[in-house]
Amino acid sequence: AVVSTQSTGYGRYIDDAYTVATSEGSAQQFFDAIGLQDPDQRISWEVDYPVSEDTFTPFLGSAVRVLNGVVESKFYRKGTCKDIALHHWSHHPLEIQTARNFYPTAEQSSSSAELLEQSFEIVDRLLVANGYENPREFVKRRTPRKPTNKTETRVCLKLPYVSETVSCEIRKFIVRKSLPIDLVCTPGIKLRSVLCSSRPEDKPSCSRDVCKICRGLQAEEMEKKKVGEEEKKKKKKK
């Protein structure tokens, strides 16, 4: 395939690719030549060429333009993306709130202070739509970490989960008394698992170690199984 010399450079990430071209036609010709390398002829490209020098062209999570020979970039979200993120009132711990990651990503994607502010405004709109009243102040806050004593031996206390109120009260008591205990609330046995069990009597148990009744029932069950197996064999032979 003959590739136009008016296009220079080529980069690709999964299904997104880019090149530097002097016109939309030369860029289309460049990608058409790449598509011809597919023996099944199934590769087709949609070229997103800037209308003017001031127009940004999206590429992955950033928007790029070349203005007066200088490459500029900023944070970008597709217009089809819904303003949905992990809500502020989510029960997830603050340590894993994804809102903290948007601003560093926007900062890395921005090439100047002016474009950085535009990137931050995009993130502001996203987080405000998800319950963050002042998102920039929220991100600046740091979750306090409790000092840990490495020489201290801590004990794991497992208790069945009752409610969030009960769990919080137990944790507060542990902190108030400075007890070396880590509380873990387990779901325990749910009513659904008891009622919906497909084989609830697989393992019958008896409170007595030696029980003649249980032994008699087990022997009776074994005898029934033997008789049933013998009947099956007889039917197969017939």
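# Burial, contacts and salt bridges in a predicted chain

Reader: Which residues does Ala 63 touch, not counting residues up to four places away in sequence?
Author: Ala 63 touches Phe 56, Thr 57, Pro 58, Glu 72, Ser 73, Lys 74 and Tyr 76, when residues up to four places away in sequence are not counted. A contact means heavy atoms within 4.5 Å. The model is predicted: local features need pLDDT of at least 70, side-chain atom pairs count only at pLDDT 80 or more, and totals for chains, interfaces and linings use all residues. Residues are numbered from 1 along each chain as its sequence is written, and side-chain values use heavy atoms, with hydrogens and water left out.

Reader: What makes Ala 63 count as buried?
Author: Buried means under 20% relative accessible area, exposed means over 50%, and partly exposed lies in between (1.4 Å probe, protein chains only). Ala 63 has 3% relative accessibility and therefore counts as buried. Ala 63 lies in strand β4, residues 62-67. The C-alpha atoms of Ala 63 and Phe 75 are separated by 6.3 Å, although these residues are 12 apart along the chain.

Reader: How many helices and strands are there in the chain?
Author: The chain has 7 helices and 7 strands. Helices (H or I, at least four residues) and strands (E, at least two) are DSSP runs, numbered from the N terminus. Along the sequence, their pattern is β-β-α-β-β-β-α-α-α-β-α-β-α-α. Of the 238 residues in the chain, 21% are buried. Of the contacts between residues at least 6 apart in sequence, 47% join residues at least 24 apart.

Reader: How do you know that the span of helix α1 agrees with its 12 residues?
Author: The expected span is 1.5 Å times one less than the number of residues. For the 12 residues of α1 (24-35) this gives 16 Å, and the end C-alpha atoms are 16 Å apart, so the two values agree. The buried residues of α1 are Ser 26, Ala 27, Phe 30, Phe 31, Ala 33 and Gly 35.

Reader: How far apart are the end C-alpha atoms of helix α3, and what should its 16 residues span?
Author: The 16 residues of α3 (113-128) should span 22 Å, and the end C-alpha atoms are 22 Å apart, which agrees. Its buried residues include Leu 115, Ser 119, Phe 120 and Ile 122. The buried residues of α3 pack against β5 (70-75), α2 (99-109) and α4 (135-140).

Reader: Why is Ser 109 counted as buried?
Author: Ser 109 has 14% relative accessibility and so counts as buried. Ser 109 lies in helix α2, and its contacts include Gly 61, Ser 62 and Phe 75.

Reader: Is Ile 14 buried or exposed?
Author: The relative accessible area of Ile 14 is 58%, so Ile 14 is exposed. Ile 14 lies in the loop between β1 (7-13) and β2 (16-21).

Reader: Which residues make the nonpolar surface patch?
Author: Tyr 13, Ile 14 and Leu 60 make a nonpolar surface patch of about 330 Å². Patches are made of residues with over 30% relative accessible area and no salt bridge; like charges are joined within 9 Å, and nonpolar side chains (Val, Leu, Ile, Met, Phe, Trp, Tyr) within 5 Å. Accessible areas come from the Shrake-Rupley method with a 1.4 Å probe, and for residues only the protein chains shown count as cover.

Reader: What makes the pair Glu 72 and Arg 65 a salt bridge?
Author: A salt bridge is a side-chain nitrogen of Lys or Arg within 4 Å of a carboxyl oxygen of Asp or Glu. The side chains of Glu 72 and Arg 65 meet at 2.7 Å, N to O, in a salt bridge. Both residues, Glu 72 and Arg 65, are buried. A search of the whole structure finds 4 salt bridges.

Reader: With which residue does Asp 124 form a salt bridge?
Author: Asp 124 forms a salt bridge with Arg 136, with the closest N and O atoms 2.7 Å apart. Asp 124 lies in helix α3 and Arg 136 in helix α4, so the pair ties together parts that are 12 residues apart in sequence. Asp 124 is buried because its relative accessible area is 16%, whereas Arg 136, at 25%, is partly exposed.

Reader: Where do Asp 182 and Arg 154 lie?
Author: Asp 182 and Arg 154 form a salt bridge whose closest N and O atoms are 2.9 Å apart. The pair links distant parts of the chain, 28 residues apart: Asp 182 is in strand β7 (residues 181-186), and Arg 154 is in the loop between α4 and β6 (155-160). Asp 182 is partly exposed because its relative accessible area is 36%; Arg 154, at 40%, is also partly exposed.
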